[in-house]
Amino acid sequence: VFGPTDPDGWNPPGARHVSVTRGEPCSPCDLKACPVPGHPCLDRLPAETVAAAALPLIGLAGPGVNRE
């Protein structure tokens, strides 16, 4: 999940990683404190969107990964 950071610089390569962003006009800003009220890049990112991106990765986890 990337809010203020740029997924191109932080998202690890490979099929076991996916970036989830909202595409807000102010993001990526790489600021430590958000100047925009409501921190839209994260607060407006629905949990359902994150889950939809993450759930397919569960099947890509290797042996020994706790899936509970």
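Glu24 lies in the loop that runs between helix 1 and helix 2, where helices (H or I, at least four residues) and strands (E, at least two) are DSSP runs numbered from the N terminus. The model is predicted, so local features need pLDDT of at least 70 and side-chain atom pairs count only at pLDDT 80 or more, while totals for chains, interfaces and linings use all residues. Residues are numbered from 1 along each chain as its sequence is written, and side-chain values use heavy atoms, with hydrogens and water left out.

**Fold and confidence**

- The average pLDDT (the predictor's confidence in each residue, from 0 to 100) is 81 for the chain, with 87% of the residues scoring at least 70.
- Confidence is highest in helix 2 (residues 40–43), at a mean of 88, and lowest in helix 1 (residues 7–10), at 81.

**Surface and contacts of the chain**

- Among the 68 residues of the chain, 16% count as buried, a class that means under 20% relative accessible area, with exposed set at over 50% and partly exposed in between (1.4 Å probe, protein chains only).
- The chain exposes about 5000 Å², of which carbon and sulfur atoms supply 58%; accessible areas come from the Shrake-Rupley method with a 1.4 Å probe, and for residues only the protein chains shown count as cover.
- Of the contacts in the chain (heavy atoms within 4.5 Å) with a separation of 6 or more, 53% are accounted for by residues 24 or more positions apart.

**The surroundings of Glu24**

- Glu24 counts as buried because its relative accessibility is 10%.
- The side chains of Glu24 and Arg22 are joined by a polar contact of 2.9 Å, a term for a pair of N or O atoms within 3.5 Å in which, within protein, one must be able to donate a hydrogen and the other to accept it, and for which residues adjacent in sequence count only if both atoms are side-chain atoms.
- When neighbours within four places in sequence are left aside, Glu24 is in contact with Pro40, Cys41 and Arg44.

**Cysteines**

- The count of disulfides comes to zero under the rule that a disulfide is a pair of cysteine sulfur atoms within 2.5 Å.
- Cys26 has its closest cysteine sulfur in Cys41, and because the separation is 5.9 Å, the two are too far apart for a bond.
- Cys29 is likewise in no disulfide, with the nearest cysteine sulfur, that of Cys41, 6.2 Å away.
- Cys26 is partly exposed, at a relative accessible area of 34%, and Cys29 counts as partly exposed at 32% relative accessibility.
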